[in-house]
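Keep the viewer open while reading.

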Amino acid sequence: MPVELGEGTARLIDGTAIARAIRDEVARDTRELTDLGVKPGLAVILVGDDPASAVYVRAKGRACLEAGMHSETIRLPAETSHAELVAHVDRLNADPAIHGILVQMPLPKQIDSAAIVRRIRPEKDVDGFHPVNVGKLLIGERDGFAPCTPAGVVELLRRSGVQTAGAECVVVGRSNIVGKPMAAMLFQPGADATVTVCHSRTRDLAAHTRRADILVAAIGRARFITADMVKPGAVVIDVGINRVDDPTAKNGYRLAGDVDFDGVSAVASLITPVPGGVGPMTIAMLLANTVRAARATVRGTVRA
């Protein structure tokens with residue numbers, strides 16, 4: 001049933017639980033495809049030794065194995081040349097056992113990141129960043145791949161019973177990874193929201209955010225969205241993951257979203273926590289995209 005918006009203490013949208021449900025569905029689909037002779041395979045390339053990227057890549061590998069998928073991780077030194085990375089991508093493009101390819105960003109400065117994204121075959125671009133997939137998303141074609149984080153947000157809304165049709169949605173942030181594709185997904189037929197995209201040059205940002213029935217914060221600034229910027233009863237999706245200094249924490253920091261969680265929770269009807277909200281959905285949607293790519297080798301085309 002659609003969620004009725006109402007002011008009060010917000011109910012949490014449990015991204016961990018929803019992501020687990022999606023990963024269970026991926027495992028079921030993987031078994032079915034494997035029985036047909038097609039085992040979904042995901043290859044991840046990590047260049048350099050960025051600690052956060054390494055953690056994320058390990059998590060992707062574990063998730064693949066848990067789902068029964070084939071997983072390949074290629075770790076390359078930071079001094080890897082552009083040509084060397086292209087050679088790895090080309091090999092994976094030609095490998096029938098690999099259905100999804102992901103090159104972990106950021107890449108070292110000697111590598112042209114945009115060119116690498118374009119080098120991946122669109123039908124294996126399970127990250128959804130190739131211009132072909134970006135274009136398909138914008139014009140509403142459903143046989144491409146959407147970026148995993150905004151796709152995860154859409155699933156959070158859908159599986160939480162949030163009615164997007166006719167809703168005023170405000171997306172704070174215009175990145176190619178989240179903000180732009182998020183807006184495109186929300187106004188497509190089927191979602192049918194009215195979407196406003198705000199950014200660093202937006203005048204009177206709070207005037208826009210206070211109109212939002214659904215507010216998506218993806219600006220990369222810790223606790224930037226405060227309670228006075230939120231419409232009573234709104235659904236608030238916090239995409240941000242920021243490190244905030246905390247001398248009491250073991251690592252000297254803790255994670256905070258782009259939303260002032262404590263304050264906004266008293267105003268919103270639904271809210272995602274950080275961590276445990278949008279974050280787990282990104283890997284879940286990556287696996288789901290890979291299964292779709294594998295299924296296309298059976299059916300001959302990618303289907304939503």
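This is a predicted model: local features need pLDDT of at least 70, side-chain atom pairs count only at pLDDT 80 or more; totals for chains, interfaces and linings use all residues.

Residues are numbered from 1 along each chain as its sequence is written, and side-chain values use heavy atoms, with hydrogens and water left out.

Start with helix α1, residues 15-35. Helices here are DSSP runs (H or I, at least four residues), strands likewise (E, at least two), numbered from the N terminus. The expected span of a helix is 1.5 Å times one less than its number of residues. The 21 residues of α1 should therefore span 30 Å, and the end C-alpha atoms are 30 Å apart, which agrees. Asp14 caps the N-terminal end: one of its side-chain oxygens lies 3.1 Å from the backbone nitrogen of Thr16. Just after α1, Gly37 takes a positive phi of about 95°.

Which residues of α1 are buried? Buried means under 20% relative accessible area, exposed over 50%, and partly exposed in between (1.4 Å probe, protein chains only). The buried residues are Gly15, Ile18, Ala19, Ile22, Arg23, Val26, Ala27, Asp29, Thr30 and Leu33. An α-helix has 3.6 residues a turn, so residues three or four places apart point the same way. The buried residues of α1 pack against α2 (51-66), α6 (148-159) and α10 (279-299).

Take α10 next. Two packed helices are described by the angle between their axes and the distance between the axes. Axes are lines fitted to C-alpha atoms, for helices over the stretch in contact, and angles run from 0 to 180 degrees between N-to-C directions. The axes of α1 and α10 come within 9 Å and cross at roughly 20°. Angles under 35 degrees count as roughly parallel, over 145 as roughly antiparallel, 65 to 115 as roughly perpendicular and the rest as oblique. The pair α1 and α10 is therefore roughly parallel. Contact means heavy atoms within 4.5 Å. Among the α1 residues that meet α10 are Ile18, Ile22 and Val26. The α10 side includes Ala284, Leu287 and Val291.

Thr282 also lies in α10. Thr282 is buried, with a relative accessible area of 12%. Not counting residues up to four places away in sequence, Thr282 touches Tyr56, Cys148 and Thr149.

Now α6. This helix has 12 residues and reaches 16 Å from its first C-alpha to its last, close to the 16 Å expected. α6 is mostly covered: nine of its 12 residues are buried. Cys148 and Thr149 are among them. The cover includes α1, α7, β7 (214-217), β8 (235-238) and α10. Just after α6, Gly161 takes a positive phi of about 75°.

How do α6 and α7 cross, and what makes the contact? The axes of α6 and helix α7 (residues 179-187) come within 9 Å and cross at roughly 40°. The two are therefore oblique to each other. α6 passes α7 in a right-handed crossing. Pro150, Ala151, Val153, Val154 and Leu157 of α6 make the contact with Pro181, Met182, Met185 and Leu186 of α7.

Finish at Ala94, in helix α3 (residues 82-94). Ala94 counts as exposed, at 62% relative accessibility. Its C-alpha atom and that of Ala78, 16 residues apart along the chain, are separated by 25 Å.

Conventions
A polar contact is a pair of N or O atoms within 3.5 Å; within protein, one must be able to donate a hydrogen and the other to accept it, and residues adjacent in sequence count only if both atoms are side-chain atoms. A crossing is left-handed if the near helix is turned anticlockwise from the far one by less than a right angle, and right-handed if clockwise.
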